[in-house]
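The paragraphs below walk through a single model, residue by residue and element by element. Keep the sequence and the coordinates open while reading.

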Amino acid sequence: MPTSTGRILVTGGSGRLGRSVVAGFAAAGHDVLSVDRAAPADPVDGVEYLDVDLLDADATVAAFTAAAPSAVVSLAAIAVPFSAPEAVILQTNAGIAHNVTAAAVAAGASKVVVASSPSIMGYGSPAGWVPPRLPLDEDVVPRPWHAYGLSKHVAEQVAAMFAAAHGDAIRFASFRPCYVIAPEEWRGAPTQQGHTVAQRLDDPSLAAPALFNYVDARDVTDFLLLLLEKMHLIENGETFFVGAADALARRPLNEVVPELFPELAEVAAGLGGTSPAFSIDKARRVIGWEPKRSWRTELAIASVRDS
Ligand SMILES: NC(=O)c1ccc[n+]([C@@H]2O[C@H](COP(=O)([O-])OP(=O)(O)OC[C@H]3O[C@@H](n4cnc5c(N)ncnc54)[C@H](O)[C@@H]3O)[C@@H](O)[C@H]2O)c1
């Protein structure tokens, strides 16, 4: 049974991550409303779907007020860097983050969670990037170098701004999901960048730009359920990395990373064994979340199912 009562409004519920989140919230017994301008490919029984352009502030407030959610999880965005003109990505993602958070507050929601991205950290910059330490944690200062990263940095600041404006009566948080693998992608469906998980593992240059990060969409769903359950107990306006407990690489990152990025050899020296380049210790410590899926188990399960 759900531990929080009331309706959860999810924006972007028709997307790669949103599909799993909507299905997982509904399976956990929640009353779920998905707001997206795209229709769901595979609607979930009992979930209501609403077509709203979240860039339209008035329409967003009207829809949210009519829905009266107790919690809002905002996933809607242009999710891929450079997939639209830079100005469009910045205006879309920053605009949606503000419109959704403002509408959630206007509608009386008591919990608001906004999707950010690890790419705000600045890895992959053509001008070079060497972080102060690896694995990255939430205390490392973001240095976004493209409009997508900047737009997500703004989204986090939107959550922090509303927390500053409203105090603890309303709880805000943001999270940085790593490269999301949806359940069907373990069985060979293309991932966000168009290749399969197996191809991403076989050719390290594919996962290298995101420092081999990944997370199963169902683990993100579990994170969100736990966060919603515990938000009233933790600091307001917090942000969290949400990734797998290991790296999406067949060899230790302190071997693979220096081969592709010699300038990172020193900071990556401690990433032995299966260690990822992104720490999830804050989510473990603050809300007690632990990812359950790894590429090692999920690919094996998928191949047994297919045989
Ligand atoms: N997929 C990843 O690997 C990944 C990694 C880090 C962060 N994120 C973030 O997680 C969130 C979800 O990512 P995703 O991969 O599911 O993205 P997606 O592109 O699959 O889904 C985004 C959804 O948002 C909707 N949307 C976009 N603009 C809208 C608007 N103006 N009004 C209403 N709906 C709108 C789209 O129709 C789509 O269904 C995004 O905020 C993304 O930036 C994703």
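The side chains of S205 and D203 are joined by a polar contact of 2.7 Å; a polar contact is a pair of N or O atoms within 3.5 Å, where within protein one must be able to donate a hydrogen and the other to accept it, and residues adjacent in sequence count only if both atoms are side-chain atoms. This is a predicted model, in which local features need pLDDT of at least 70 and side-chain atom pairs count only at pLDDT 80 or more, while totals for chains, interfaces and linings use all residues. Residues are numbered from 1 along each chain as its sequence is written, and side-chain values use heavy atoms, with hydrogens and water left out.

S205 belongs to helix α6 (residues 204–207). Helices (H or I, at least four residues) and strands (E, at least two) are DSSP runs, numbered from the N terminus. S205 counts as partly exposed because its relative accessibility is 39%; buried means under 20% relative accessible area, exposed over 50%, and partly exposed in between (1.4 Å probe, protein chains only). In sequence S205 is 51 residues from V256, and the C-alpha to C-alpha separation in space is 9.6 Å.

The loop between α6 and β8 (215–216) contains F212. F212 is not a glycine, yet its phi is positive, about 60°. With a relative accessible area of 2%, F212 is buried. F82 sits in the loop between β4 (71–74) and α3, and its 47% relative accessibility makes it partly exposed. Another backbone feature is the cis peptide bond from L134 to P135, with omega near 0°. P135 is in the loop between β5 (111–115) and α4 (147–166). For reference, most residues other than glycine have a negative phi, and most peptide bonds are trans.

Which residues touch the most other members of the largest nonpolar core? They are F25, F175, F212, F223, L224 and L227, out of 57 residues. A nonpolar core is a set of buried Ala, Val, Leu, Ile, Met, Phe, Trp, Tyr and Cys residues joined through side-chain atoms within 4.5 Å. Helix α7 (residues 217–230) supplies the largest share of this core, seven residues. Contacts of F25, not counting residues up to four places away in sequence, include V32, V73, T221 and L224, where contact means heavy atoms within 4.5 Å. A second, separate core has 27 residues, among them A63, F64, V72 and A104.

F64 and A104 also take part in a helix pairing: A57, T60, V61 and F64 in α2 meet N99, V100, A103, A104 and A106 in α3. Seven residues of this contact are nonpolar, two are polar and none is charged; Ala, Val, Leu, Ile, Met, Phe, Trp, Tyr, Cys and Pro count as nonpolar, Asp, Glu, Lys and Arg as charged, and the others, Gly among them, as polar. The axes of α2 (residues 57–67) and α3 come within 8 Å and cross at roughly 35°. Axes are lines fitted to C-alpha atoms, for helices over the stretch in contact, and angles run from 0 to 180 degrees between N-to-C directions.

Helix α3 (residues 86–106) also holds T101. T101 counts as buried because its relative accessibility is 0%. Its side chain reaches the backbone oxygen of A97 at 2.6 Å. Leaving aside residues up to four places away in sequence, T101 touches V112, V114, V158, F162 and F172.
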